[in-house]
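Let's take a walk through a structure together, one piece at a time. Have the sequence and the 3D view open as you read.

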Amino acid sequence: MIVFYLIPIETGLMTAITDPSAYTGSAPYLPPAPGDVSLGPFTNAVDALSQGLANSFILVVPATILSGLLGSMAAYGLTTVDWKGQIGIYMLFVAGIFIPYQAVLVPLTQFWYNVVPLRTTVESVAPMIPLLQEFHWKLIALIVTHTAYGIPICTLLFRAHYKKLSDEMVEAARLDGASITRIYRRIILPLSVPMFAVVFIYQFTQIWNDLLFALTIIQFGDASVVTQDLVSIGVSQEGTNFPLRMAAALVAALPTLLVYIFFGDKFAKGVTA
Amino acid sequence: MRNPLTVLKRLVSDSGDARTDGGTASSGTSLLSRDSIRSAPFWLPPFLLVGLFVYGAILWNVVLSLTDFQGLGDPNYGDLDFENYVVAFDGGTPSWTDYSIDPIWNATQNTVVLMVAFAIVCLALGLLLAILVDQQIRFENTFRTIYLLPMSLSFVVTAKFWLYMYDYNTGLVNIALGAFGFGPIEIVQNPDLKLAAVAFALIWQYSGYAMVVYLAGLRAIPSSHFEAARVDGASTIRMYWRVIIPQLRTATVSALVVLVVFSLKAFDFLFSMYGGYNPGPSADILATQMVREAYGNQNWAYGSSIAVVLFLMALAVVAPYIYSQYRQGQL
C-alpha cells in the first residue's frame, strides 16, 4: 500500500533529475543512469516559475496571518466570552467552511473589477511606494478574498481549542477587573500559540494550493501565482517535456511539502478537526 | 431557539466539563453573560468580512443568475427572470445569445457519479488502512505521514503527476499493464476511462484523510470492546464487522461530508489535467461547466445559475450535518 501512495511522487522525482535529451521514459520510476543525471530541469523550472513563486509568497503570508488572527478573535468573542445567540452567529461561520467557491465567483469578479476602485487606487499610489507594483492590486484583492474564506475554518479550529481551556483563569481575571481585550491579550493569546501553529500550517497549505480563486480574480498577467503558471508548463509543439514538467510540479509543491515534512503532526491535526 | 439551547446546556453540564461556553449561567458566571456588545470588537470584524464575501456574494450570485448578463459590460438588474434555469434544465437557445446552450444534466450525472464513487472508495480504503495501521503501533507515525502526504499537495500538482502516470507511452500505469501483457491504452483522453481516471487520482490524494479520521475513531473505542469480542470467540473479521465498525458512525459521517465537499471542488484537478476549461463531455462536472460558461464563454448569468445548483447540492449535504452537530451540542 505504501508503494501506491509514494510511487507517483517518486517517479516524478526520478524523472525530474533526468537530462531531458537522455529521457526515454522506459523505466521512469528508476533513477537515471549516472551520466544522465541533470539538475537542468530544476533550474529551468525555477526560472519559469520564479515570478509565480514570488507572487504566491506575497499572497500566502499575509492571507495566512490575517485569517488566523481574525479566526482567533472570532472564536474568542464567540466562545470564551459567553452570550446568548452566539451559537447562531457561529453556525454561519461553520457553514462558510463548506461552501463551493463556484457559488461566489461571478460576484467576486464583479466586486473586484467593477465595484471597488482598488485597481485605480493602487495604480495611482504605486509610483510613490517602493516595491509596490501596479499589478499588486490583484494580489491585494486575492489576499482579502482568501482571508474572508479562511476565517470560518480558523474560527472552528480555535473554538475547539478555547472550549478545552479552563475558565478559572478567565474568571479570576474578570473578578480582578480585567477588560475583555486585556484577557485576550494576556491570557488567551499566549495559550493559543500551539493552535496558531496548526492554523497557520493549514491555511498556508490551502492558500498556496488554490487555483480557482487565482484563476478568477487574477485571471492572467504579471500577478499570476505559481499554481496558475504550473498548469501550462512543459508543453510545446515538440511534445511534452516530462522532466521539466515533473521538476516544475515538485518546485511548486516544495513549500507545502517542506511544511508537511517538518510539521506533519500539526497538519494532521488541522485537517481532521 | 430556546428549547434546543436548554438541551444543549443540559448536555454540556451533564458531561461535567468546566467549559466556558453555554451552560455556565448556573455556575456563577453571569458576569460574562452580558458581553455580546463588549465582545463585538472581536467577533464583529471577522463576521462582517465573512458576511460580505461569503453570504453577500451568495445572495448577489442568486440575483445575477436571474439576469441576462453576458459578454462584456455590466449586468442589467432591471429585468429578472428564471430563463437561465429553464435553459439549465432543458437546454436550447436563450434570449441573450444566438447559440444553443448545454443543459446541466450531463455534468450533474458526472458530478454525482464522481462524488459517490470517490466517497465510497475513499471511506472503504481509509477504513482498511486505519485497521491495518491500528495493528502496528510501532510505525504508526511513519504510516500516517505517508498516507496523508498526497493531501498536502495542490490539485494542480497531483494532476501533473497523474497525467504522467497515465501517459500512453511512458506512464507507469501502462508500463504496469504491459508487464501483465496488456497493450498500452489511452487513458486521459479516453471517454470511457476519463472519469474513472480522475476518480482514481482523487482517491489517491484523499483516502489518507479518511484513514486518519477512522484511526482517531478506532482509538476512541475502549479496548475492552475488542477484548470482549475476543473472549466470545469472534473471528477478527466478525469482530470488526459486528462490534467495531458500527461504532465508527460518527467518524464515517464527518469524513463523508468533507469528502463530498472536496469532490465538488475537483475543478482545480480537471483544469490542470486537461489544461483548460473543457475536460470533454465524459469528464465534465458542474464545477467545470460553471467556470467554463462564466469565464470561458462569458455567459456570466448562466454560470451563476449553475453555481446556484451546485450550492444547493452542497447545502443538501452540509445543512443536515451542521444541524445534527448542533442538536448534539458538538458545535
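Let's begin with chain B: of its 331 residues, 52% count as buried, where buried means under 20% relative accessible area, exposed means over 50% and partly exposed is in between, with a 1.4 Å probe and protein chains only. Before going further, a word on the ground rules: this is a predicted model, where local features need pLDDT of at least 70, side-chain atom pairs count only at pLDDT 80 or more, and totals for chains, interfaces and linings use all residues. Residues are numbered from 1 along each chain as its sequence is written, chains are lettered from A and ligands numbered from 1 in the order in which they are written, and side-chain values use heavy atoms, with hydrogens and water left out.

What is chain B built from? It has 14 helices and 0 strands, taking helices (H or I, at least four residues) and strands (E, at least two) as DSSP runs numbered from the N terminus. Among contacts in chain B with a separation of 6 or more, 62% join residues 24 or more positions apart; a contact here means heavy atoms within 4.5 Å.

Now look at where the two chains meet. Chain A brings 100 residues to the contact and chain B brings 96 residues. Together they bury about 9,000 Å², with 76% of it on carbon and sulfur atoms; buried area is the accessible area (1.4 Å probe) that two parts lose on being put together, summed over both. Three residues, A:Y5, A:F98 and A:Q102, supply 9% of the area that chain A buries against chain B, more than any other three residues. On the side of chain A that touches chain B, helix 12 (residues 242–271) of chain A gives the most, with 14 residues. Sorted by class, that side has 66 nonpolar, 24 polar and 10 charged residues, with Ala, Val, Leu, Ile, Met, Phe, Trp, Tyr, Cys and Pro counted as nonpolar, Asp, Glu, Lys and Arg as charged, and the others, Gly among them, as polar.

How many salt bridges are there between chain A and chain B? The count is 0, a salt bridge being a side-chain nitrogen of Lys or Arg within 4 Å of a carboxyl oxygen of Asp or Glu.

If you zoom in on B:F161, you'll find it touching A:P8, A:I9, A:G12, A:M246, A:A249, A:L250 and B:L153, not counting residues up to four places away in sequence.

At 0% relative accessibility, B:A307 counts as buried. Leaving aside neighbours within four places in sequence, B:A307 is in contact with A:Q102, A:A103, B:N61 and B:M290.

Back to salt bridges: over all chains, the whole structure has 3. One joins the side chains of A:E123 and A:R119 (3.2 Å, N to O), and both residues lie in helix 5 (residues 118–125) of chain A, 4 residues apart, about one turn of the helix. Another joins B:D134 and B:R219 (2.8 Å, N to O). B:D134 lies in helix 4 (residues 105–135) of chain B and B:R219 in helix 8 of chain B, so this pair ties together parts 85 residues apart in sequence. B:D284 also forms one with B:R292, with the closest N and O atoms 2.7 Å apart, and both of these residues are buried.

Finally, check the backbone. Most residues other than glycine have a negative phi. A:Q219 has a positive phi of about 65 degrees although it is not a glycine, and A:Q219 sits in the loop between helix 10 (212–218) and helix 11 (226–231) of chain A. In chain B, phi of B:Q298 is near 55 degrees, again a positive value in a residue other than glycine. B:Q298 is found in the loop between helix 13 (286–296) and helix 14 (300–327) of chain B.
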